[in-house]
Amino acid sequence: MLHDAASGTVDELARRFAGGEPDALRAAFDRHGPAVQRLARASLRDQADVDDIVQATFVSAWNGRHTYDPAKAGLLTWLLGITRRRIVDLLRARGRAQRDSDAVAAATPPEPVTGESPERIVDRLVVADGLTRLPAAQREVLELAFYADLTHTQIAERTGLPLGTVKSHLRRGMQNLRSHLDHPPEEVDDDAPRLRSARPARP
């Protein structure tokens, strides 16, 4: 028969544990805790999970000690059975959580590709509208400068216009565009007759 100087024989410890003697839980932990921990560590990577399983095992064992029969199984065997169930419960819970997370991710619509603010979008629309009101030559030069990011020389090469004409179109186009943005057309009541055109006069 196995014997431990601090807690007596293994059978005696099992009997004391089953009987709920206050110091039996501490003695059982000191004697069988390392074996429970080895079993948990063999199945789990995270040390925090291992510690949780060890704690849960002894808490469950102590709370359910009235179900333990020393005549049917040794205390270590009984504790290791509880440990296996706690590990399975943890892994199943993790699996359910992962499946739920995957389902939520699959059901969540993707984030918009553009991060433009609504205000920025409005600005772009206003500028685009202003460009449509410019003479064709000015509009083309401005679009090549700001949307295609071409230099004055590249614009001259692209359009066949003299470089001086390109600069003149840019300057006048900017003046007209700024005037349009500074003096937007007045809002018109849809029910009122349209007495005048909102289009500004040509420069």
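**Salt bridges and a helix pair**

Guide: Asp89 and Arg86 form a salt bridge through their side chains, 3.4 Å from N to O. Keep in mind that this is a predicted model.

Visitor: How far apart are Asp89 and Arg86 in helix α4?
Guide: They are three residues apart in helix α4, so about one helical turn separates them.

Visitor: Is Asp89 buried, exposed or partly exposed?
Guide: Asp89 counts as partly exposed because its relative accessibility is 39%. Arg86 is also partly exposed, at 26%.

Visitor: How many salt bridges does the count come to?
Guide: Five. One of them joins Asp30 to Arg26, with the closest N and O atoms 2.8 Å apart. Both residues lie in helix α2, residues 24-43, four residues apart.

Visitor: And what does Glu21 meet in a salt bridge?
Guide: Arg16, at 3.2 Å from N to O. Arg16 is buried, because its relative accessibility of 8% is under 20%. Glu21, at 31%, is partly exposed.

Visitor: New topic. At what angle do α3 and α4 pack?
Guide: About 130°, with the axes of α3 (residues 47-63) and α4 (residues 75-107) 9 Å apart. That angle makes α3 oblique to α4.

Visitor: Is the crossing of α3 and α4 left-handed or right-handed?
Guide: The crossing is right-handed.

Visitor: Which residues meet there?
Guide: From α3, they include Ile53, Ala56 and Phe58; from α4, Trp78, Leu79 and Arg86 are among them. The residues of this contact divide into nine nonpolar, three polar and three charged.

Definitions and conventions: Residues are numbered from 1 along each chain as its sequence is written. This is a predicted model: local features need pLDDT of at least 70, side-chain atom pairs count only at pLDDT 80 or more; totals for chains, interfaces and linings use all residues. Side-chain values use heavy atoms; hydrogens and water are left out. Axes are lines fitted to C-alpha atoms, for helices over the stretch in contact, and angles run from 0 to 180 degrees between N-to-C directions. Helices (H or I, at least four residues) and strands (E, at least two) are DSSP runs, numbered from the N terminus. Angles under 35 degrees count as roughly parallel, over 145 as roughly antiparallel, 65 to 115 as roughly perpendicular and the rest as oblique. A crossing is left-handed if the near helix is turned anticlockwise from the far one by less than a right angle, and right-handed if clockwise. Contact means heavy atoms within 4.5 Å. Ala, Val, Leu, Ile, Met, Phe, Trp, Tyr, Cys and Pro count as nonpolar, Asp, Glu, Lys and Arg as charged, and the others, Gly among them, as polar. A salt bridge is a side-chain nitrogen of Lys or Arg within 4 Å of a carboxyl oxygen of Asp or Glu. Buried means under 20% relative accessible area, exposed over 50%, partly exposed in between (1.4 Å probe, protein chains only).
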